[in-house]
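I set out to record what I looked up in this structure, entry by entry. The notes follow the order in which I consulted it.

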Amino acid sequence: MEYKNSNKKVAFCSLGCKVNQYETNAMAQKFVANGYEIVEFDEYADVYIVNTCTVTNIADRKSRQMLRRAKEINKDATLVACGCYAQVAKEELKKIPEIDLISVISFLQIYILEFRNKQAHRLIGRYKYLA
């Protein structure tokens with residue numbers, strides 16, 4: 001995958017199964033196509049996306065840890081939680097103030113994602129989300 005140079009940066013953390021890895025790669029391609037540069041998760045980014053897992057209690061805990069870690073790197077970044085843990089524990093995730101957006105379905109259904117002023121400015125496609 002080719003990463004474009006831009007001033008917009010996104011970082012991904014994919015936890016769990018191969019489905020999550022596939023979806024994370026698909027999301028990354030969409031961001032690159034929209035001018036974002038992909039950086040490592042421990043680097044400064046404008047958007048952090050954590051594709052969560054809930055197979056075990058340890059996976060749940062790791063998902064929460066990674067979500068909180070992103071805001072430690074850039075407190076002004078947009079933080080997105082998606083994946084199976086976000087689907088089954090959305091009420092629990094809503095209690096974590098650092099999270100800006102909780103996706104309750106697959107991000108593969110979202111075609112363009114642009115952020116402006118820490119708000120989800122445009123979400124195109126069929127989706128449901130909780131702020």
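Leaving aside neighbours within four places in sequence, which residues is Leu93 in contact with? I note first that the model is a predicted one. In this model I found Leu93 in contact with Leu67, Ala81, Tyr85, Ala86, Ile99 and Ile102.

**Entry: the cores.** I then looked up the largest nonpolar core, which holds 23 residues. Phe41, Tyr48, Val50, Leu67, Leu79, Leu93 and Ile99 are the ones that touch the most other members. Strand S1 (9-14), S3, H2, S4 and helix H3 (84-88) each give two or more residues to this core. H2 provides the largest share, four residues. I also recorded a second, separate core of 13 residues, with Ala28, Val47, Ile49 and Cys82 among its members.

**Entry: the partners of S4.** I checked the pairing on both strands listed for S4. Strand S3 (residues 47-52) runs parallel to S4 and is joined to it by six bridges. In this pairing I located Asn51 opposite Cys82. Strand S5 (residues 101-103) also pairs with S4 in the parallel sense, over two bridges. Here Ala81 stands opposite Ile102, and I had already listed both residues as contacts of Leu93.

**Entry: Asn25.** I looked up Asn25 and placed it in helix H1 (residues 18-33). Why does Asn25 count as partly exposed? Asn25 is so classed because its relative accessibility is 44%, between the limits of 20% and 50%. I read a separation of 9.1 Å between the C-alpha atoms of Asn25 and Phe12, which lie 13 residues apart along the chain.

**Entry: the whole chain.** Finally I recorded the overall figures. I counted four helices and eight strands, in the order β-α-β-β-α-β-α-α-β-β-β-β along the sequence. Of the 131 residues, 45% are buried. The chain exposes about 7,600 Å², of which carbon and sulfur atoms supply 46%. Among contacts with a separation of 6 or more, 64% are between residues 24 or more positions apart.

Methods. Residues numbered from 1 in each chain as written. Predicted model: local features only at pLDDT ≥ 70, side-chain atom pairs only at ≥ 80, totals over all residues. Heavy atoms only, no water. Buried < 20%, exposed > 50% of the residue type's maximum accessible area, 1.4 Å probe, protein only. Contact = heavy atoms within 4.5 Å. Areas by Shrake-Rupley, 256 points an atom, 1.4 Å probe, with all protein chains shown as cover. Pairing = 2+ DSSP bridges. Core = buried A, V, L, I, M, F, W, Y, C linked by side-chain atoms within 4.5 Å.
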